Structure formats: structure tokens, C-alpha cells
Amino acid sequence: MVDKHKVHQWLQETSFRELMLSVDFLITVYIFYHYISQLASASPEQLASIEWLSSLLLQIIIYSIVLMVVSYILLALISDDELSQPMDVREKQINLVGYKYSAIILQVGVIFAMVQYNIDSQGFTLMPQYVPHLPLHILLVAFLLAELAYYGVQLYKGRTGEIYE
């Protein structure tokens, strides 16, 4: 009974945008965990197979779309028409700060993927074990980390109010 009351109180104290960011953050964590666990449990033959990789990427895309749409619909049903309200200046600034960190992570990931692609095309190996399609994995991990940073920074900045630091 006490736990229900605490959850209900937290939901009343939490803004709708913060609730949406929290749900999106948790969905992205789940997708990232699913991707990493699939890679960790894959055999070398699976890692080399483009069919296996394509099916894994398709799973990630489908999970992303379905989970985000379902969460958006559920949150829209419980909101008090907050989706139609425009963001205020503070929320816009927090959103921009989230984009900044997300863009930095994504740019670094793209650069690492390009460097790795060039290393692969030259026939060099920097790692003790060859991982096929490593530039693609680097890009996907960079994208997921950028999404986590985007949501996480917005949650942190929204809670602490440290927008300009």
C-alpha cells in the first residue's frame, strides 16, 4: 500500500515531459541491452553472417518503433492534454543541451567507424580478435549512446536546473 502511494505521489509530482523522457530513456536502455546481449551471445559464424546481422538490426528497429509508439500512446492517454502545449523557454534550452551532448557522441562514433573502416580496408588489425562488420556496430552503439545521453542529460538538467553549466 505504501509503495502504491509513493508511486502515485511521484507521478503527481513529475511533469509529463519528464515522464516521457524517463520512459524513452528506459526503452533505449532495454534496446541497448538487447543489442549487446545478442552480440555477446553470438557465435563467430553469426557475427560474420550478414543475414544474422540484418535480422538483428531489423529487431532493433522494430522494437524501437513499437515500444516508442506504444509508450507515446499510453502517455497521451494519461496526460491532461499536455502534448499539445508548446515547450516553454526553459524546456527548449534543456532540449538543446541534450542535443548538444547527443551530437558530440554521434560525431565521435561516426569518426571512429570511419577510422575502423579504413583500418579494415587496409588489412590491419588492432584487435586480437577480428569482429566482422565492426564499423556498423560502432555506428549503432554510438547512436544508442547518443540517445541515452540525449534523454539522460535532459532528465538531469530538468531535475537540477543547471541549464547553463
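How do the axes of helix α5 (residues 89-122) and α6 cross, and within what distance do they come? They come within 8 Å and cross at roughly 165 degrees. Axes here are lines fitted to C-alpha atoms, for helices over the stretch in contact, with angles from 0 to 180 degrees between N-to-C directions.

This is a predicted model: local features need pLDDT of at least 70, side-chain atom pairs count only at pLDDT 80 or more, and totals for chains, interfaces and linings use all residues. Residues are numbered from 1 along each chain as its sequence is written, and side-chain values use heavy atoms, with hydrogens and water left out.

## Helix packing

Helices (H or I, at least four residues) are DSSP runs, numbered from the N terminus.

| Pair | Axis distance | Angle | Residue classes in the contact |
|---|---|---|---|
| α5 and α6 | within 8 Å | roughly 165 degrees | 21 nonpolar, seven polar, three charged |
| α2 and α6 | 9 Å | about 155 degrees | 15 nonpolar, five polar, four charged |
| α2 and α4 | within 10 Å | roughly 160 degrees | 19 nonpolar, six polar, one charged |

The classes are simple. Ala, Val, Leu, Ile, Met, Phe, Trp, Tyr, Cys and Pro count as nonpolar, Asp, Glu, Lys and Arg as charged, and the others, Gly among them, as polar.

Take α5 and α6, which cross at roughly 165 degrees. That makes α5 roughly antiparallel to α6. Angles under 35 degrees count as roughly parallel, over 145 as roughly antiparallel, 65 to 115 as roughly perpendicular and the rest as oblique. The α5 and α6 crossing is right-handed. A crossing is right-handed if the near helix is turned clockwise from the far one by less than a right angle, and left-handed if anticlockwise.

Next, α2 and α6 pack at about 155 degrees. α2 is therefore roughly antiparallel to α6. α2 passes α6 in a left-handed crossing. Contact means heavy atoms within 4.5 Å. On the α2 side, the contact residues include F25, F32, Y35 and L39. On the α6 side, they include H137, L144, L148 and Y151.

α2 passes α4 in a right-handed crossing.

## The nonpolar core

A nonpolar core is a set of buried Ala, Val, Leu, Ile, Met, Phe, Trp, Tyr and Cys residues joined through side-chain atoms within 4.5 Å. Buried means under 20% relative accessible area, exposed over 50%, and partly exposed in between (1.4 Å probe, protein chains only).

The largest such core has 14 residues. Y35, L39, W52, L56 and L144 have the most contacts inside it. Which elements give two or more residues to this core? They are α2 (16-41), α4 (50-78) and α6 (134-160). α2 gives the most, with five residues.

L39 is one of the residues with the most contacts inside the core. Leaving aside neighbours within four places in sequence, L39 is in contact with L47, W52, L56 and H137.

## Partly exposed positions

V23 sits in helix α2. V23 counts as partly exposed, at 22% relative accessibility. Beyond its neighbours within four places in sequence, V23 is in contact with S71 and L75. V23 and S41 are 18 residues apart along the chain, and their C-alpha atoms are separated by 27 Å.

I62 belongs to helix α4. Its relative accessible area is 43%, so I62 is partly exposed.

V108 lies in helix α5. At 39% relative accessibility, V108 is partly exposed. V108 and I138 are 30 residues apart along the chain, with 10 Å between their C-alpha atoms.

F143 is part of helix α6. F143 has a relative accessible area of 40% and is partly exposed. F143 and T14 are 129 residues apart in sequence and 28 Å apart in space, C-alpha to C-alpha.

## The α5 to α6 loop

Where is H133 placed? H133 is in the loop between α5 and α6. Phi of H133 is near 60 degrees, a positive value in a residue other than glycine. H133 is partly exposed, with a relative accessible area of 28%.
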